[in-house]
Amino acid sequence: MIGYVLGNYLVRTGKITREALSDILRKMEDSRAQLGALAVSEGLMTPAQAEEINLLQAERDAYFGDLAVEEGYLTPEQLKELMKKQGDPYLCCSKVLIQEGILSERELGEALEEMRKEEGLTPEQLEEVKRGAVEKLLPGFLPEEAQDYAPLAGTVLRTVIRLADRNAYPGRGEMCERFPERRQVHQALVFDGGLVDCFAEEEGGLMELAGIFAQEEFTDLNEDVMDAAGEFLNCANGLYISGLSRKGVFLELKMPSAERSAHDLVPGSLCSIPVYVRGRSLRLVLAKIAEEL
Amino acid sequence: MEEKIRIMIVDDSKTSRKLLRGILERGGYEVVCEAVDGEDAWGKYREIRPDLVTMDITMPKMDGVEALSMIRKEDPTARVVMISASGQREKMTMAIRRGASDFITKPFDEKKVLATVGAVLEE
Ligand SMILES: [Mg+2]
């Protein structure tokens, strides 16, 4: 969320230390209620309705509030009201930064504007990021050649946020020559050619993600970690292709695999994006599969 | 003592088998065995004759839909609940046509899993 994105920017530019950042993030943690819980406590939805929406999210890559409106459980006005009550993630984060005397309101405004420019965000995108939609960072975080990966990477990232760590966030993506060296799991999404995406370990993020998903405390990068990571990737990709199938585009999901060279890739199409889960990075790597002749 | 209902879990992922076993056992069911692909499932079904099978769709060797067909041919009363991540609507529809009782979407939701299994067993 915005606290992490902005916090990392502040660390990177030397405005705060890493220690100060973890302290701030701890103070912000859980200061915001989940929208579903809030809707129930406000008496706008029954627990059963909230649960139904949670289940629907297993099949649809969409926000709780938007689905609740679509199902007729909330009016658009009620959703707006709830989001106001829930509090803007940016407001929560700026309150802590200012209260702790780390930045003045003016300095914060300037830092945010610098960050916006550096990350290549439009003012509108920045507003969305401030509201918590970190996947909106992706287009700005992806190189020109990788812009068409944004929808898939966005779904994967949102799934990580929803199922594993609501504070997960992406870093800047880069084109690369080959898949990373560390352990990884791939899955192909096929349609006259197609795409392959991959989770690779970097600084413990993959182990964190797998551990949360499998409800296990992993201590080394073994087969079980890779199995859980593969199942996770499969769920995220499943959401992506079911979204496409509603638009009349049909892709086939292959089995997750550890095989690096299972497909003929389009040369120069590999893009690697760091994703931070509980503050530790993993790599989401995407590539295009060459059309079979 | 009343005997527990016996369930067989079929899934190539150890993570998914473990999570599903936990849910079913907490729901009071006995997980009599696990199979890791369609072939394995077919062999174990004939031997063990569980009361219900949870069948993952995407698996190596023989996929879940094929294994379902084999099991239902052998035992037309077999209760099989299909399991899959979102995005496999076509295969789910095919499985229901071939006699699957219902389906469950991954990632597992404990209440949804138990409600689905409970309803299928009551049929
Ligand atoms: Mg599978």
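By class, the residues that line the second largest pocket of this predicted model comprise twelve nonpolar, ten charged and eight polar ones. The volume of this second largest pocket is about 680 Å³. Its lining is made up of 30 residues, and those closest to the centre are Gly87(B), Gln88(B), Arg89(B), Glu90(B) and Lys91(B).

Of the lining, H4(B) supplies the largest share, with six residues. Within chain A, residues of the lining come from both domain 1 (2-134) and domain 2 (135-288), so the second largest pocket lies between these two domains.

The metal site belongs to chain B. There the magnesium ion is coordinated by an OD atom of Asp12(B), an OD atom of Asp56(B) and the O atom of Thr58(B), at 2.1 to 2.3 Å. Along the sequence, these donor residues follow the spacing D-x43-D-x1-T. Asp12(B) sits in the loop that joins strand S1 (6-10) to helix H1 (14-26) of chain B, while Thr58(B) sits in the loop between strand S3 (52-56) and helix H3 (64-74) of chain B; the pair therefore ties together parts that are 46 residues apart in sequence.

Is Asp12(B) buried, partly exposed or exposed? Its relative accessibility is 25%. Because buried means under 20% and exposed means over 50%, Asp12(B) counts as partly exposed.

Definitions and conventions. Residues numbered from 1 in each chain as written. Chains lettered and ligands numbered in written order. Predicted model: local features only at pLDDT ≥ 70, side-chain atom pairs only at ≥ 80, totals over all residues. Heavy atoms only, no water. 1 Å grid on protein atoms, 1.4 Å probe; cavity = no way out; pocket = protein on both sides within 12 Å on 5 of 7 lines; lining within 4 Å. Points joined across faces, edges and corners; volume = space filled by probe spheres on them. Helix = DSSP H or I, 4+ residues; strand = E, 2+ residues; numbered from the N terminus. Nonpolar A, V, L, I, M, F, W, Y, C, P; charged D, E, K, R; others polar. Domains from an automatic or database assignment. Donors = N, O, S within 2.8 Å, 3.2 Å for Na, K, Ca; no water. Buried < 20%, exposed > 50% of the residue type's maximum accessible area, 1.4 Å probe, protein only.
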